[in-house]
Amino acid sequence: MNGKRFSENKARRNGFYLALAVCLVAVGIAAWSTFDAVQGYISATEELESSSASSRSDDPQAQKSPAPSPQPSAGAAKPSAAPTATPKPKPTYVPKPSDPPAAESPEPANTEPEEPQVPANAPMYEISGEMICPVSGETVQKAYSAGAPVYSETMKDWRVHAGADFGAQSGEQVLACGNGIVKETYTDSMLGNVVVIEHGDYIFSYCGLGENFLVKPDDVVTMGQAIGTVTAVPGESADQPHLHLEVRKDSAYLDPQSVIEGKD
């Protein structure tokens, strides 16, 4: 009896262990099936993503196309678009063709001869082509010394004679050597009464005249016109009566006799 009960108990334990083993095997099979299914899904997903990425890299248009914007649901209210102001066209400036210049009508020829233009610094007289001696006698008592000192009977010394002394009678008229204009008249302690006349490029100083000048500054004189009378030259009073004449050009003294004769 006891042996039979022991056998029954042993059979129950063996059946329990067998059922437990079967359950464990079933659980293992189910777990393996589940793992295998998940592994297959993951592999398929990776292959799909890989092929999709490869197709996008091969198609440049697919790379540039932006992702589609999400469409609003049917129930959502669409925002009303704000009215936009239509820009007014700016006026375009179209340049007008310039009118051709009007043809100038030719001026009628002036048949009257034009008067010659006179320079502003032109002399107010006609320059003489030749000159005359200022006194009747043409004798030169003392010549121009050209910078060399000569003895003076009046001053009792040696000095430069800057002019030429033309012998003449006391009171004899002194004549202008050529056409010209009176620049000034004055009295000098050594030269006496002096009349300065411009004759073209030359400046003549007529020295030793009488007290009464016959001309005044700015007077235009003609060749041979009386400008004074022979009186005395204080610095040469020891000499015979004469007219002391000095000539300058560009402030340089020249020989009066050579200028009158046209040699200088």
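This note goes through the predicted model point by point, from the whole chain down to single residues.

1. **Basis.** The model is predicted, so local features need pLDDT of at least 70 and side-chain atom pairs count only at pLDDT 80 or more, while totals for chains, interfaces and linings use all residues. Residues are numbered from 1 along each chain as its sequence is written, and side-chain values use heavy atoms, with hydrogens and water left out.

2. **Overall make-up.** The protein chain has three helices and 12 strands. Helices (H or I, at least four residues) and strands (E, at least two) are DSSP runs, numbered from the N terminus. Of the 264 residues, 24% count as buried. Buried means under 20% relative accessible area, exposed means over 50%, and partly exposed lies in between (1.4 Å probe, protein chains only).

3. **Surface and contacts.** The chain exposes about 19600 Å², and carbon and sulfur atoms supply 56% of this area. Accessible areas come from the Shrake-Rupley method with a 1.4 Å probe; for residues, only the protein chains shown count as cover. Among contacts with a separation of 6 or more, 64% join residues 24 or more positions apart. A contact means heavy atoms within 4.5 Å.

4. **The largest nonpolar core.** This core has 26 residues, and F204, Y206, I227 and L245 touch the most other members. β4 (164-167), β7 (192-199), β8, β11 (242-249) and α3 (256-260) each supply at least two of its residues. The largest share, four residues, comes from β8. A nonpolar core is a set of buried Ala, Val, Leu, Ile, Met, Phe, Trp, Tyr and Cys residues joined through side-chain atoms within 4.5 Å. In soluble globular proteins, nonpolar side chains tend to be buried together.

5. **F204.** Leaving aside neighbours within four places in sequence, F204 is in contact with a list of residues that includes M131, C177, V195, I197, L245, V247, V259 and I260. H199 and E246 are also among its contacts.

6. **H161.** This residue sits in the loop between β3 (157-160) and β4. H161 counts as buried because its relative accessible area is 5%. A polar atom of its side chain lies 3.0 Å from the backbone oxygen of A143, and the side chain also reaches the backbone oxygen of G163 at 2.9 Å. Beyond four places in sequence, the contacts of H161 include Y144, A146, V150, E236 and H244.

7. **Positive phi at A146 and D218.** Most residues other than glycine have a negative phi. A146 has a positive phi, near 55°, and D218 has one near 80°. A146 is in the loop between β1 (140-142) and β2 (149-152), and D218 is in the loop between β8 (202-209) and β9 (220-221). A146 counts as exposed because its relative accessibility is 58%; D218 counts as exposed because its value is 60%.

8. **G178.** This glycine lies in the loop between β5 (173-175) and β6 (180-188). G178 counts as buried because its relative accessibility is 0%. Not counting residues up to four places away in sequence, G178 touches S128, H199, V221, T222 and M223. Its C-alpha atom is 9.5 Å from that of E126, 52 residues away along the chain.

9. **A226.** Strand β10 (residues 226-229) contains A226. The C-alpha atoms of A226 and Q173 are separated by 6.2 Å, although the two residues are 53 apart along the chain. With residues up to four places away not counted, A226 touches Q173, V174, L175, L214 and V215.

How values were computed:
Polar contact = N/O pair within 3.5 Å; in protein donor to acceptor, adjacent residues only side chain to side chain.
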